[in-house]
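Q: Please take a close look at one helix in this model. Which of its residues are hidden, and what lies around them?

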Amino acid sequence: SAQPEVHEFQAETRQLLDLMVHSIYSNKDSFLRELISNASDALDKLRLESLLDKDLDVDTSDLHITLIPDAEKRTLVVADNGIGMTRDEVVGLIGTLARSGTAELRRSLAEAREKGVSDAAAEELIGQFGIGFYSTFMVAEKVTLVTRKAGETTGTRWESTGDGTYTIDDVPDAPQGTSVTLALKPVDTEDHLYDYADKTKLRQLVKRYSDFIAWPIRMDVEKTVPVEKPESESDEDTDKAPETKTVVEAETINSMKALWAKSRSEVSEEEYHEFYRHVSHAWDAPLETITLQAEGTFEYQALLFIPTQPPFDLFMRDSKVGIHLYVKRVFIMDDCAELMPEYLRFVKGVVDAADLSLNVSREILQQDRQIRAIRRRLTKKVISTVTEMRDSRPDDYRTFWDGFGRVFKEGLVNDPDNRDALLKASSFASTHSEEELTTLADYIGRMKSGQDTIYYMTGESRQQIVNSPHMEAFRAKGIEVLVLSDPVDEMWVSAGAEFDGKTFQSIAKGAVDLDADDEDSDDTSKDDQEKAYADLLSWLTTTLSDDVSETRLSSRLTESPACLVGDTFSMSPQLEKLYRASGQ
Ligand code: ADP
Ligand code: MG
């Protein structure tokens, strides 16, 4: 073919490569997991494609992953006979950072660059983004990818040493699927670079990171076997040691067990963690592992995880639900939005349903009774798991809440059926403690006698809320107020939430009658005061008529001379801002 084309990496990709190449990231081993994970995805996609497209002329009878280490040449090949990539896909997926996190990663890289990229920053970024294919540059001097897409005739070679450029080239005779060849860096255990051409090491890594992969991962191993001799000969000298020879055999080095089909006691924490990393494409450890096995009319198994770290795209418009759907062990689709409500989009994992057709489409899923039943059950299970976590592992719960509470509370608006359970599982900042969060049950337990509503105030920050003049009287009387500073709080409190028969009452709206249950409240003195201030009040009302609808005397204030109060049914300033921001 013609000369290979030389392409330049985008500036951001180059930055990232630089981080990878020079990273001190101690978990360099994980490059293998990333390559195997990609190969496994490619095999899943090919099987699915061949089910959907009967005209696709490919052999799917022996889908597998192969590891070919070469100790002399110091190379490692990771190959699959999966879906492969077209030339355009190679340029788009491998030559650039095509992952959904690109924008966020760019931002982080720019920031890191400004600060002068330190090793620690690099390590942090890698851990946070889990850069799949590019992690190969942590261990390789040169990476060569050869691929041919199923159904296409010509293949593509992509090659880079991880500096500014890569080359791309046609390969007329490439086998279908993808092979990635790593020219390995010298072993340097101090730098966490091990011998990745060593079969024992590779076997170890596969066991640790990729054992559950549903496709066989094969490697040639040398085996010593007895030499078989004809009967007559072996009879002659029986006391001689049997002769042996060395043969090379492809061995499957992973156990391929579907973790979700196993009972919890059969699976180690570490196996669950690695599986989590595989399905979530994340590099953290799960905070919580949830298993669910339903028998009866709808048979299904689910293995779900709550991450420790919120992903960077949690609040982005294209943030996806993280559930993969399998039917009888066959991968059907990822990001299956029908299986989990949007406010639980941070939950990752798989659902394996026994009675769905392999041809199931997203359109069919939306109508499917079974899918809806599974979704209801999973939703309840996740909520109850969070509640249990709160009661038994407060520190983990706090990590969860700090990372995902804002998303979780979207359910208070969008999922009225589960609102009670969600309120029970939620925690809130309050004036009771500066650091600790409170449950609503605990709040109610501390309510003053005669208090029949849950007081709250919304705002942009704790600071802004607790310093508000509205707070003064509550502080003076020792009445606890929930401090709600997430944008979503405004939505659910105005959606008419109730807890344990108590309504929620904003301290910044309408007339909050704190004196009602004060024994020493003195109606006559109030009347007198109103008379005394009548002229001032009407002058203020007229003078400020463009900005306020009424001026009245208040018992709310103990320190400030005046404050602005919203109508009981008007929008709060936060809600107004929200609507404005969303263009309404
Ligand atoms: P991710 O796997 O999270 O999408 P990667 O950097 O690991 O990110 O891979 C980028 C993309 O390149 C993949 O999404 C996939 O489309 C493509 N790809 C990588 N490896 C393979 C492979 N072995 N076969 C087919 N496509 C692949
Ligand atoms: Mg990947």
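A: In this predicted model, the buried residues of H8 are Glu 274, Phe 275, Tyr 276, Arg 277, His 278, Val 279 and Ser 280. Helix H8 itself covers residues 269–280, which makes 12 residues. From its first C-alpha to its last, H8 reaches 16 Å. That is close to the 16 Å expected at 1.5 Å a residue. An α-helix has 3.6 residues a turn, so residues three or four places apart point the same way. After H8 comes His 281. The phi of His 281 is positive, near 60°.

What covers the buried residues of H8? Two helices are included, H2 (30–52) and H6 (199–210). Strands are included too: E10 (286–294), E11 (300–307), E12 (322–327) and E14 (348–353).

E10, E11, E14, E12 and E13 form an open sheet of 5 strands, in the order E10-E11-E14-E12-E13. The pairing is mixed. E10 and E13 (330–333) stand at the edges, and each has a single partner strand, so one side of each is left without a neighbour in the sheet. From one strand to the next, the twist averages 20°. At the E13 end, E12 and E13 run antiparallel and are joined by 3 bridges. Tyr 326 has Phe 331 of E13 as its bridge partner.

Now follow H2, one of the helices covering H8. Of the 16 residues around ligand 1, the nearest are Asn 38, Ala 42, Leu 93, Gly 132 and Phe 133. By type, the shell divides into 7 nonpolar, 6 polar and 3 charged residues.

Strand E2 (residues 65–70) and strand E3 (residues 75–80) are antiparallel and pair over 6 bridges. Pro 69 stands opposite Leu 76 in E3. E2 and E3 form a hairpin, with 4 residues between them. In the turn, Arg 74 has a positive phi of about 55°. E3 also pairs with strand E7 (residues 177–184), again antiparallel and over 6 bridges. There, Ala 79 has Ser 179 of E7 as its bridge partner.

Definitions and conventions: Residues numbered from 1 in each chain as written. Chains lettered and ligands numbered in written order. Predicted model: local features only at pLDDT ≥ 70, side-chain atom pairs only at ≥ 80, totals over all residues. Expected span 1.5 Å × (residues − 1). Buried ≥ 20, exposed ≤ 12 C-beta atoms within 10 Å, placed from the backbone. Contact = placed C-beta atoms within 7 Å. Near = placed C-beta within 6 Å. Nonpolar A, V, L, I, M, F, W, Y, C, P; charged D, E, K, R; others polar. Pairing = 2+ DSSP bridges. Axes fitted to C-alpha atoms, helices over the stretch in contact; angles between N-to-C directions.
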